[in-house]
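Biologist: Please take me through the reading of this model one feature at a time, giving the general idea before the particular case.

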Amino acid sequence: MEAQWSEPSEAHAPPPGRARYPLTGLANALTATLLIEAVGWLASLVWPTDGPVTLAAFVPSAILFLVWFRRARINADSSDWHQRRAIGWAVGGWFVPLASAWIPFQVMADIWRAGLPADRRSRRAVLLGFWWLCWLLSLTIKGAPRQVTAHPAIYVSMDIPSGVAAAVSAVLLIVIVRKVSGRGVVG
């Protein structure tokens, strides 16, 4: 007989204040791949390639992050902080055109606040804002035109600011993942 996977029901939800999934192991693996990715981004600025190290680290980073993100979102339900998006948006929000520029940030902000003490939840999540800004900049700058003047011999490579933004985004994400995973409610 084949076992069927199903989402844990509310009847099997953990007691309030306890996480459903431990996140520390995932956070450690994700930290390692994000560090490799950040170093790859920075190395690609010195050695102009398409960043094979970065690409090799991006795929496992993306997979580990999506697993971690979904589990952190599920854990956030054990908090008394209202989650604006359903659990499915933790993964699906990254793949919806245009909405992917905002929904994952909202999910992360709610996860972040779910693990904070009630008196700190109304503060601005500056770290999250910087992470998201760097992430969006890395994506949009990379697609910017290479030639920025009328003279064909004068151009500015947008790979440098895009690579720096991607590396900073990866490092900020490491800090966020470590902080969220270390909190009692969601990690």
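Modeller: Let us begin with the interior: a nonpolar core is a set of buried Ala, Val, Leu, Ile, Met, Phe, Trp, Tyr and Cys residues joined through side-chain atoms within 4.5 Å, where buried means under 20% relative accessible area, exposed over 50% and partly exposed in between, with a 1.4 Å probe and protein chains only. This is a predicted model, in which local features need pLDDT of at least 70 and side-chain atom pairs count only at pLDDT 80 or more, whereas totals for chains, interfaces and linings use all residues. Residues are numbered from 1 along each chain as its sequence is written, and side-chain values use heavy atoms, with hydrogens and water left out.

Biologist: Which residues in the largest nonpolar core touch the most other members?

Modeller: That core has 38 residues, and the ones touching the most other members are F65, W68, F69, M108, L128 and W131. Two or more residues of this core come from each of α1, α2 (52-76), α4 (103-114), α5 (126-142) and α6 (159-182).

Biologist: How are the elements assigned, and how many helices and strands does the protein have?

Modeller: Helices (H or I, at least four residues) and strands (E, at least two) are DSSP runs, numbered from the N terminus. Here there are 6 helices and 0 strands, and the pattern along the sequence is α-α-α-α-α-α.

Biologist: What span should a helix have?

Modeller: The expected span is 1.5 Å times one less than the number of residues in the helix. For α1 (residues 24-46), the 23 residues should therefore span 33 Å, and the end C-alpha atoms are 33 Å apart, which agrees. For α4, the 12 residues should span 16 Å, and the end C-alpha atoms are 17 Å apart, which also agrees.

Biologist: And how should I read burial along a helix?

Modeller: An α-helix has 3.6 residues a turn, so residues three or four places apart point the same way. In α1 the buried residues include L26, L30, T33, L34 and E37.

Biologist: With what is T33 in contact, once its neighbours within four places in sequence are left aside?

Modeller: Contact means heavy atoms within 4.5 Å. T33 lies in helix α1 and is buried because its relative accessible area is 13%; its contacts, with those neighbours left aside, are A57, P60, S61 and L64. The C-alpha atoms of T33 and V59 are 9.1 Å apart, although 26 residues separate the two along the chain.

Biologist: How is the packing of two helices described?

Modeller: Axes are lines fitted to C-alpha atoms, for helices over the stretch in contact, and angles run from 0 to 180 degrees between N-to-C directions. Angles under 35 degrees count as roughly parallel, over 145 as roughly antiparallel, 65 to 115 as roughly perpendicular and the rest as oblique. The axes of α1 and α6 are 9 Å apart, at an angle of about 165 degrees, which makes α1 roughly antiparallel to α6. For α4 and α6 the angle is about 40 degrees and the axes are 10 Å apart, so α4 is oblique to α6. In that pair, M108, I111 and W112 of α4 meet L173, I176, K179 and V180 of α6.
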